[in-house]
Amino acid sequence: MLTLDKIYSAKYVLRQVIRETDIIKAPKINPESDIWLKTENLQITGSFKVRGAYFKMSQLSEEEKAKGVIACSAGNHAQGVALAAARNGIKSIICLPDGAPISKVEATKSYGAEVCLVKGVYDDAYAEAMRQRDEYGYTFIHPFDDEDVIAGQGTIGLELLDQIPDMDAVIVPIGGGGLISGIAFAVKKLNPKIKVYGVQAAGAPSMYNSIHDHQIERLESVSTIADGIAVKEPGENTYNIISQYVDEIVTVTDDEISAAILALMEQQKLVTEGAGAAPVAAAMFNKVPVKGKKAVCLLSGGNIDVTILSRVIKRGLLMSGRSCSMNIELLDKPGQLMDVSRIIAELGGNVTSIHHERANEGSAVNGCYLRIVLETRNYQHIEEIRNALTDAGFKILNIN
């Protein structure tokens with residue numbers, strides 16, 4: 001049974017292992033709120049996961065430690081388990097789907113784990129982990145639905161209460177629910193007035209749906225850039241704790257998450273993965289009621305795959321009005337392109353791409369089309385450019 005004593009015990013065990021990550025003020029995230037950031041993206045291994053994994057292993061019997069541990073993950077849990085096992089002198093095996101990014105496989109190996117690549121997807125890797133557990137007597141380290149793991153994550157709640165005791169709310173990402181379960185339990189037990197809000201990706205709303213329908217539900221599929229919270233089915237322990245201690249769960253889109261990742265990079269010089277940026281997206285786009293409140297967004301991890309970072313930044317630019325494309329209908333005569341360019345330049349827009357083609361069948365004989373991609377300051381800037389072009393007689397077909 002989860003208790004405050006267990007969370008305090010976890011804090012004592014972890015004191016020589018983890019970093020007490022900083023709280024950073026973020027005034028531009030939502031100017032109507034007093035937003036702070038808990039930087040677990042700067043934790044060892046790049047995420048909070050080492051807290052729960054290490055405390056879980058510290059509670060194993062000597063016989064269990066001698067046999068070793070096994071886990072199944074393609075992300076932060078794998079690295080947390082690998083490091084925690086190495087620090088405790090325990091053999092660890094991590095089952096990964098063979099399609100896992102090479103960077104994550106190598107990172108897991110670098111922390112001292114034996115990696116077992118399994119043909120197929122996550123479910124196949126999980127099945128193999130269960131098979132090896134049963135055959136060799138390993139202890140399975142669950143990524144979220146374990147009370148010792150939850151207690152380890154709950155140490156973040158204790159840190160928050162020490163670092164910013166007058167906070168009104170804390171906003172936490174939810175995948176399987178282990179992180180928010182520990183934080184919500186600790187915070188609500190010590191100060192019930194503090195609101196705890198959970199955030200899921202709109203493409204993976206397993207806990208959101210389960211809480212709404214008052215029963216654990218499994219999704220057929222998940223689709224989100226926030227791979228750290230792309231969980232099809234929440235845990236039983238986490239569902240029960242969240243039902244009791246979390247005030248509200250909301251969802252954010254991939255575009256909103258991308259905008260949050262970009263904002264954190266530009267404004268705070270912090271790199272976060274999709275899951276870590278989800279609480280910031282909820283605050284930025286007013287998904288949670290924090291207007292006029294002091295709220296802490298938990299940046300759960302920073303292990304974003306660099307191969308998708310450029311795509312995320314591009315989506316973030318579009319979402320925040322920093323980039324747009326315009327399709328403009330022109331007359332095919334000299335000077336049209338020059339006039340468009342002049343208007344954009346005078347208003348401070350920066351052209352990054354241009355495509356010009358003559359009209360197709362069904363349009364005016366002397367017509368042509370211009371597709372132009374711009375760097376802009378914000379949505380108001382886009383509107384200024386649109387109005388200036390329209391006032392000059394140009395027909396704008398659409399803006400994306």
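Trainee: Which residues does T238 touch, leaving aside those up to four places away in sequence?

Mentor: T238 touches F144, D145, I150, G176, G177, G178, S181 and M207, where contact means heavy atoms within 4.5 Å. The model is predicted: local features need pLDDT of at least 70, side-chain atom pairs count only at pLDDT 80 or more, and totals for chains, interfaces and linings use all residues. Residues are numbered from 1 along each chain as its sequence is written, and side-chain values use heavy atoms, with hydrogens and water left out.

Trainee: Why is T238 called buried?

Mentor: Buried means under 20% relative accessible area, exposed means over 50%, and partly exposed lies in between, with a 1.4 Å probe and protein chains only. The value for T238 is 0%, so T238 counts as buried. T238 belongs to helix α10; helices (H or I, at least four residues) and strands (E, at least two) are DSSP runs, numbered from the N terminus.

Trainee: Which residues of α10 are buried, and against what do they pack?

Mentor: In α10, residues 236-245, the buried residues are T238, Y239, I241, I242 and Y245. They pack against α7 (147-163), α8 (178-190), β8, α9 and β9.

Trainee: What makes Q153 buried?

Mentor: Its relative accessible area is 2%, so Q153 is buried. Q153 lies in helix α7. Beyond residues up to four places away in sequence, Q153 touches F48, K49, R51, G52, G178, L179 and I183.

Trainee: Why is K293 called partly exposed?

Mentor: The relative accessibility of K293 is 38%, so K293 counts as partly exposed. K293 is placed in the loop between α12 (274-284) and β10 (294-299). Residues up to four places away in sequence aside, K293 touches S33, D34 and D168. K293 and S33 are separated by 260 residues in sequence, yet their C-alpha atoms are 5.4 Å apart in space.

Trainee: What is the phi of T45, and what is that of K269?

Mentor: T45 has a positive phi of about 70° although it is not a glycine, and K269 has a positive phi of about 60°, again without being a glycine. T45 is found in the loop between β2 (34-39) and α2 (49-58), and K269 in the loop between α11 (254-268) and α12.

Trainee: Why does T45 count as buried, and why does K269 count as exposed?

Mentor: T45 has a relative accessible area of 7%, so it is buried. K269 stands at 65% relative accessibility, so it counts as exposed.

Trainee: What makes β2 largely enclosed by the rest of the structure?

Mentor: Five of the six residues of β2 are buried, so the rest of the structure largely encloses this strand.

Trainee: Which strands form the open sheet, and in what order?

Mentor: The order is β1-β2-β10-β7-β8-β9, with mixed pairing among the six strands. Two strands pair if DSSP finds at least two bridges between them. β1 (23-25) and β9 (248-252) are the edge strands, each pairing on one side only.

Trainee: What makes β1 and β2 a pair, and how many bridges join β2 to β10?

Mentor: β1 and β2 pair over three bridges in the antiparallel sense, and I24 stands opposite L37 in β2. β2 and β10 pair over six bridges in the parallel sense, with W36 opposite V296 in β10. Five bridges join β7 (residues 169-173) to β8 (residues 195-201), and these two strands run parallel. The bridge partner of V172 in β8 is G198.

Trainee: Where does helix α9 lie?

Mentor: Helix α9, residues 206-213, lies across β8 and β9 and runs at about 140° to β9. Axes are lines fitted to C-alpha atoms, for helices over the stretch in contact, and angles run from 0 to 180 degrees between N-to-C directions.
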